[in-house]
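User: I am new to this structure and would like to learn how to read its features one at a time. Please start with the overall picture.

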Amino acid sequence: MGGFKNPRLLGHLAAIMSKISLLNSVFSEIEKLDSAEEYKRIIKLVEKHIPQFPEELSLVQTKVVCLIHLNQIEDAYNYILKNEASQKFAFEKAYCLYRLNRSEEALELINEEPNPAQSFKELKAQILYKLERYNECFDMYRDIIKQSKDSFTNERESNLTAVISQLSKLGDNKYDIPTVKQHNTYEFMYNIACVLIERKEIEKAQDLLDQAAKSCKNTLEEEEATEEEIQEELTAIKVQGGYCLQKLGRDKEAQSEYTEVLKYKPKDIGSLAIASNNLVVLNREHNVFDSKKKLKSTLSDELTHKLNTWQLKRVMLNHCRFALITNQLDQCTQLCDNIEKKYPDLIEDIILLKAVMLWRQNKNSEAIDLLKKFVYQQKNPTAKLNCTLVAVKLLLMQNDTNEAITLLENLGEFKYKLGIVSTLVTLYLNVDNFKAASDLFNDTLSWYSQKEVDNSKITVLLKQLAKLHLREQDPKEAAKRLSRLLELNPNNKKFLAQLIIAYTQFDPEKAQMYSKQLPPLDLQDTDIDLLENTNWMMGSKLIKKSTLKPDFAGSKTEVEKKRKKKRKIILPKNFNPDVPPNPERWLPRHERTGYRKKKDRRSKETGIGKGTQGASNVSSEQFNIKNIAAQPKPQTAQVPSENAPRLQHRKGGQYKKKKKGK
């Protein structure tokens, strides 16, 4: 007995099977086109079959992915919004927002996912990097690398080193620098070089960048890339290499590296802007027009998404500095105001630029007032220090020592830096305030003692303080400081000798006691009489050199004066003592009264000869200021003479020699 068969159901099943076979053929065709990267043809194929399979969401997703591959991010995002009712497309939507520089929205979308997949974590790490939340980004990448076991490990490690580089730029050096291995990619080497640059290991970074460039070229040549593609990929490496050369002081090599990058006109506008900016820095006040042209390339709005905040700040400040160097003060003021609104944390640089502008306009008092106002309101100690030093320099240029002292005293703990202490002591002594200088030394010594620093700084302070007390004729205080110095440096015989000299002025017994610690002297070749007759306590500069030389044979020395030999007077052969000598005997021949000059056509009468070309006695007499007053004033305007002097060319043979006998 046969089973029951429904013809309508069988027909429906046949239709489903035909649809499945058609769908399978479509996906196989998509797979072939995908391997050939024919994304436009995939989109046409998908759009053709979407009306037949409206419930097949994978086709919609395929079109979105193809649009992203074609860099049509805006179209992909709009297409997602149209089909969002049927499916959420959370990952694709978040990625499109990230590419459209709407990173905050993309991050919110990812955070809404209850159980995010691995792809969501990868995208979130990239978004955190773009938002410059580097600590969170580091933790995210570290967890991803631990959990993942696929072929993308090298890429993730490269991204992790990029994060470490940015953290190092911000002063966070707690993370170890990863070791470069043979299997590492050139991107990994480049990022490690960036870390080394931020850690001030420039030479190592330069060597690693050279390795990265070679690895990049070899890798791309194996992949049969074109020369343009290779140069495009090398752009960032070359720019960073130029920066290393610039930091090492090899400016000409850095300039040629940047110029080579700009010659290829790369598509990477970020690297292009950095190379242009660094070239302007190298040019300084030279090549102004070239610098102005290059700075224009750093004004693109797209750069705000290509460069990080630190780089954008440096570029904008360089625009201000260039305007200041080229004396475009109005433009510099406008740029300073814009930066102050956009980046309030750059207020220190803006104040310094404005102060320099006022100083260039000879408004020194206004510049000082601007700096003082900022210093007294500023809480950041580093910014306060820099502006204080500039204000002090301007005050000292105006000989306002007391105000400069007041500003330096207001530096808080920065006042105890050795350079500031030295400056303050010099200023105190300049106004004859010895007590303030001594108190500053004592306060600085107690501050360093609490900080438990090395003895080198305390030694310097004690040495200078002892020197100050000896200068002010206070040997007791000097002896205290020298005793402490000797405790810190027991083997220093110079400090011991200075201590003995100090004690001899008020306590000879202690001086005698300490003198026993001095090493024995070898007095065999020493002149005792010279030492006794010299005021040796006043220093070696006042010791007079002895004119006597020791006789190594043991006999007494004798000083003989060198006698000048008398030359025998030689008289002329026709000398007559009865006839007085000629009074003009010491004058040159041409100045004597009996001198007769040879006849020459170049004489005073002709007016041609010595002197500048075209000069004559007539003209010199005519325009002599003594004779001008005596000349009558002309009644009519003068007209140029027809017989004015001109250059005449004589024809050859005009003057013939007279023949003999004629």
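**Reading the model**

Analyst: The secondary structure of the chain comes to 31 helices and zero strands; helices (H or I, at least four residues) and strands (E, at least two) are DSSP runs, numbered from the N terminus. This is a predicted model, in which local features need pLDDT of at least 70 and side-chain atom pairs count only at pLDDT 80 or more, while totals for chains, interfaces and linings use all residues. Residues are numbered from 1 along each chain as its sequence is written, and side-chain values use heavy atoms, with hydrogens and water left out.

User: What share of the 662 residues of the chain counts as buried?

Analyst: Buried means under 20% relative accessible area, exposed over 50%, and partly exposed in between (1.4 Å probe, protein chains only). Of the 662 residues, 32% count as buried.

User: How do I read the contacts of one residue, for example Phe138?

Analyst: Contact means heavy atoms within 4.5 Å. Phe138 lies in helix α8 (residues 134-147) and is buried, with a relative accessible area of 6%. Leaving out residues up to four places away in sequence, Phe138 touches Leu160, Val163, Ile164, Leu167 and Tyr175. Phe138 and Ile164 are 26 residues apart in sequence, and their C-alpha atoms are 7.5 Å apart in space. For the chain, 48% of the contacts between residues at least 6 apart in sequence join residues at least 24 apart.

User: At what angle do helix α5 and helix α7 pack?

Analyst: Axes are lines fitted to C-alpha atoms, for helices over the stretch in contact, and angles run from 0 to 180 degrees between N-to-C directions. Helix α5 (residues 90-99) and helix α7 (residues 118-130) pack at about 15 degrees, with their axes 11 Å apart. Angles under 35 degrees count as roughly parallel, over 145 as roughly antiparallel, 65 to 115 as roughly perpendicular and the rest as oblique. That makes α5 roughly parallel to α7. The residues of α5 that meet α7 include Phe91 and Tyr95, and those on the α7 side include Phe120 and Leu123. By class, this contact of α5 with α7 has eight nonpolar, two polar and one charged residues; Ala, Val, Leu, Ile, Met, Phe, Trp, Tyr, Cys and Pro count as nonpolar, Asp, Glu, Lys and Arg as charged, and the others, Gly among them, as polar.

User: Are α18 and α19 roughly parallel or antiparallel to each other?

Analyst: Helix α18 (residues 329-342) and helix α19 (residues 347-360) pack at an angle of about 165 degrees, with axes 10 Å apart. The two helices α18 and α19 are therefore roughly antiparallel. In the contact of α18 with α19 there are eight nonpolar, one polar and three charged residues.
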